[in-house]
Amino acid sequence: MDIEVVEGDITTQEVDAVVNAANRRMRGGGGVDGAIHAAGGPDILADCVRRFPDGLATGDAGWTTAGLMPARWVIHVVGPNRHAGETDRNLLTSCYRRALEVADELGARSVAFPLVSAGVYGWPQEDAVDAALETLRATATQVELARMVAFGRSAYELIASRL
Ligand code: ADP
């Protein structure tokens with residue numbers, strides 16, 4: 001699998017699936033979650049309600065339509081919320097592993113990822129990058145392209161320096 005980094009907005013990526021840093025309720029939120037629901041439109045929330053009536057556990061992943069976005073699917077993952085005491089790093093690496101498993105179920109060959117938990121959920125950005133890259137490198141998958149989407153120049157520089 002190729003791993004690349006681009007600076008930009010995940011909602012405009014022309015890939016098979018975009019990963020969302022969601023929360024356990026799976027009913028939308030702020031940050032990248034809000035951007036994805038806004039760009040994809042109400043079909044995403046409708047799919048979340050239908051497919052995840054009880055939400056998702058921290059560290060898990062599940063898919064919905066991508067609605068109006070160029071991608072076909074959103075793969076929602078729930079990263080650990082450090083502010084709520086979720087400090088186990090395995091919960092973060094699990095998000096990337098499970099996202100690739102769901103991508104394989106879907107037959108997605110190109111997947112764009114945000115830096116899960118590195119925003120409101122408070123994971124230190126450098127370790128969030130390392131957890132992402134080491135898990136993407138170590139996981140066997142049919143996905144051919146993993147694109148890290150850096151939101152801003154400093155995130156881009158950091159990810160590029162670790163790739
Ligand atoms: P979490 O609650 O998992 O921390 P956030 O959405 O607060 O999720 O932040 C996760 C990462 O997503 C942060 O690095 C943030 O800068 C980034 N981000 C926010 N909006 C977008 C976007 N539209 N595209 C890509 N990344 C984004």
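**Briefing: sheet, helices and cores**

Over residues 1–163 the chain is 38% helix and 20% strand, with its end C-alpha atoms 13 Å apart. Helices (H or I, at least four residues) and strands (E, at least two) are DSSP runs, numbered from the N terminus. This is a predicted model, in which local features need pLDDT of at least 70 and side-chain atom pairs count only at pLDDT 80 or more, while totals for chains, interfaces and linings use all residues. Residues are numbered from 1 along each chain as its sequence is written, and side-chain values use heavy atoms, leaving out hydrogens and water.

**Sheet**

- Six strands form an open sheet in the order β1-β6-β5-β2-β4-β3, with mixed pairing; two strands pair if DSSP finds at least two bridges between them.
- β1 and β3 (61–65) are at the edges with a single partner strand each, so one side of each has no neighbour in the sheet.
- β2 and β5 run parallel and are joined by two bridges.
- V18 has A112 in β5 as its bridge partner.

**Nonpolar cores**

- A nonpolar core is a set of buried (under 20% relative accessible area, 1.4 Å probe, protein chains only) Ala, Val, Leu, Ile, Met, Phe, Trp, Tyr and Cys residues joined through side-chain atoms within 4.5 Å.
- The largest nonpolar core has 35 residues, of which I75, Y96, V111, F113, L136 and M148 touch the most other members.
- Helix α3 gives the largest share of this core, eight residues.
- Another core, apart from this one, has 17 residues, including I10, C48, F52 and A112.

Terms used:
Buried < 20%, exposed > 50% of the residue type's maximum accessible area, 1.4 Å probe, protein only.
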